Amino acid sequence: MRDYLQGKRCMVWSFMGNARMYQALRDYGDRLDTVGIFTFEVDITGTITETGTSISSMLTYINRWPHIKWLLTIMNHGTASIFTALRNNTNGAKDKFLTEIIRIMNKYPWCAGVDIDLERGGGYENKDAANALFRDIYNTVKAYNSAKLVNICLPGMTGVQGSVGGENWSVYEDLDPYCDTAAIMSYGMAWAGSAPGPVSPRNWLEGIYNYAVRVMTPEKVFLGLPGYGWNWRIHDTPENLGITYRGISNTYYAAQLWMTGGYNFTGDAPPQPMIPIIAYWDDYDKVPWALPQVYDYMEGWDAISRTYPLLGETYNRRRYLTSYSKQQSTDFGTIYIDRGGGTPDSYSGSVSVSSQMVTLGEEGEAEYQFEISSAGVYDVAIRISFPLWDRNSIHVALDGVNTTFSENRLWWPYWRTTCWLTLASDVFLSAGAHTVSISVGVPGVQFYGFRVCSNFAQSPSAGQAEFTLSPRKFKDVNGVMAEPDRGFKLTTEVLRRRPDSALAWYEDFRDDIPIPSSYWTTLSGQWQVWKNPDDTASRPYSQLDGYGELAWNYNSFSDVHLRARLAFTPEGSGRAGIFCGSVFCCFNFNTQRIELYHGSPLLGSYPTEISKTSESELRFNPRMYTIEMRIRGNSVRVYSGASNTLRFTANISGFTGGYAGVRSDGRILCELLRLGDAWTYEPYERFDVTFPDGTITEYGRLARTGVTWDSEFQVFTVNSDVEEASTRSQDISMDYDFFHSELLPLTCGNDYAVKIVPKDINVWLSRLFLGDADGFSILYYQDVDSLVYWANEAAYRWKLRGIAIWSLGQEDMRLWEALPKQI
């Protein structure tokens, strides 16, 4: 006979203790399979006390619904020290804990077993001890009574060491034998202190359960879902609002009151209007959301205009604007003379002439003559290109007055491209003939011409975007057209990043001509570039494939920051990594370590797990590992991982620099090779806003000490050999931040212009919110449609045991009519 409840069991917890929780237990207990009685708290000694829901308040329902598996939930309330004591049996805490589990089951013999909810167990290094703890719990319960059940609450993991909250002690495959059922707590991706979003977004759920069903018994697993949501206040900073986090938890019915105009941000009373609002349905994440007291809302792509290099990009359906590099922005005023470099009046020595430029070789010289019709004060600008770090100097003279243009900074953003520079500013030129002459400083520099103009100015630019704000009145609960009492605030939602080394070269091997000989040299071995033939993008995904040493065609690197993403092929082995001169930083597959060499001697190492990629996954799902090193004089720092974690530091002597690039003993794949300056950093944080009244406000820049700023390029150099993080007291969350204007006295019915100008690259301009200055928010919540959708996914897609809802009394009560009876 078919089990019609297969995959449709439902677990809940008695955490809330509110009237709606007891109502659900009374009226819909027939829809419940398992209830965790959230009563039992373990302390650092292993002693269990009863602090949550009182057992006496539950007895009516325990007696009413004997089919329910009533579990005694034992929790540590997320206290790391308690988990550590139990795991390590500190002062006998685990021994005591195991006897306490027997004691409470003896005290409440009607229980079906225990529910173990231990959180904050730490990193992967704790997995063996954590496995032993859960093994001992399981064996203790079964020895007491083999019919008693053990449910364990596990953090959401998308793979081994795949926790977003640092709970990497949990390895699903290891824990599967030590439970009868497991409720995965796949709620909390969004929380009070996070950026607003679905509590349980699709990508996270899919990652968790695609992994879980591969390594656990699916019929044991409950898919954890939230019955609650969050309302994030975004009109000011939490500290100004007098709160720790901007998010406030909302039950479904609290969210419903926001929708119907029952709440506002001025104590649910005037002066802020009581406005009913409409909720949006996110059909990807299957969750409703709303914008209480927001009068206008725009995504980055809604800009009415934007200038290059600001681009429209998409990530996780978020349509944002960002710049990946800065372009030189120039203004010449009135241009009187515009002379191309490819038409010199005379030249001598080694000079290569093309239609657009001349390239100066040994003893190369060229001369350009021009006529000024009216005597006056002018600016003269030249356009040049330094093709590589060793082709970096040219002499340019105006009427015999010579200026040398040279560049030695590794990170200078105009390498290998053209730029305009000032030859003369506010110079008096008489009417008649004048001369611009050029001569070689270092062979290979390219001269593209010059302009005589009224006012030359240049600066690096990340572009800008203009938006139109269009506030309009809303109808309040009484049917009266309403608007803010004081005015508006504009909140910009922006993703910033931690600074990275000032970029000298970013190589992903996607260019039309990969690794050209003008820029690269193969020092040993063989290298080629594979491009995805099915990728229709202008720059398709590509991989460097080979072995040996591939280097930039420049042999004077010394203080550098190198990063690579590498994969070991099925036949690959030995060492693979990055090098500069005689310094080699690598993954060693044979020793399962990160290693640093200066010549032959090993200077340092760090244990790590390295796997090869199977032949079938080489091109489309390679197992990439990130490695990097920063060389400053006689000091080398070694990092690895997606978070660029510092692993160790070593000292070197006798280092003279040399070529830099990628190196391997055997065949590898490389999808990224990045070169940066060892001392100078490029921040990814600042943007400016020009408001309707013309005022400009700077946002996002962090205060730093012990650094020297370059105001032209907005980069900074550390003054001593320290980690960048030590120069600032603030962190950057890697989550979306909100930045708020002062009060804007705008009038509903009018349109207003706002301009956003990023001053740094890699700043993601996501959304703009114009709301009531007294308060506005982003609200996500769960309703019956959301919960039923994921319940069906649990049953039919992943074939799990069912769903586990945190927690009873928070949910949309219509849910219970939509779920099957369990008896």
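In which helix is the place of glutamate 206?

Modeller: Glutamate 206 lies in helix H7, residues 202-215. Two notes on the basis come before the detail. This is a predicted model, in which local features need pLDDT of at least 70 and side-chain atom pairs count only at pLDDT 80 or more, while totals for chains, interfaces and linings use all residues. Residues are numbered from 1 along each chain as its sequence is written, and side-chain values use heavy atoms, with hydrogens and water left out.

Helices (H or I, at least four residues) and strands (E, at least two) are DSSP runs, numbered from the N terminus. Glutamate 206 counts as buried because its relative accessibility is 17%. Buried means under 20% relative accessible area, exposed over 50%, and partly exposed in between, with a 1.4 Å probe and protein chains only. Its side chain makes a polar contact of 3.0 Å with that of arginine 797. Such a contact is a pair of N or O atoms within 3.5 Å; within protein, one must be able to donate a hydrogen and the other to accept it, and residues adjacent in sequence count only if both atoms are side-chain atoms. Setting aside neighbours within four places in sequence, glutamate 206 touches Arg797 and Trp798. Contact here means heavy atoms within 4.5 Å.

Next, strand E9, residues 229-233. Five of its five residues are buried. Gly229, Asn231 and Arg233 cover one side, and Trp230 and Trp232 the other. Strands count as paired if DSSP finds at least two bridges between them. E9 runs antiparallel to E10 (residues 247-250), with four bridges. It also pairs antiparallel with E53 (residues 777-780), again over four bridges. Tryptophan 232 takes part in both pairings: it stands opposite glycine 247 in E10, and its bridge partner in E53 is isoleucine 778.

Now the parallel strands. E5 (residues 113-117) has five of its five residues buried. E4 (residues 69-75) pairs with E5 in the parallel sense over five bridges. Methionine 75 has aspartate 117 of E5 as its bridge partner. On to E6 (residues 149-155): four bridges join E5 to this strand, also parallel. There, aspartate 115 stands opposite asparagine 151.

Helix H4 (residues 93-107) comes next. Its 15 residues reach 21 Å from first C-alpha to last, close to the 21 Å expected at 1.5 Å a residue. The expected span is 1.5 Å times one less than the number of residues. Its buried residues include Phe97, Leu98, Ile101 and Met105. Among the elements covering the buried residues of H4 are E4, E5, helix H3 (80-88) and H5.

Last, the cysteines. The structure holds zero disulfides, a disulfide being a pair of cysteine sulfur atoms within 2.5 Å. For cysteine 179, the nearest cysteine sulfur belongs to cysteine 153, 11 Å away. Cysteine 179 is buried, with a relative accessible area of 1%. For cysteine 586, the nearest is the sulfur of cysteine 585, at 6.7 Å. Cysteine 586 is buried too, at 0% relative accessible area.
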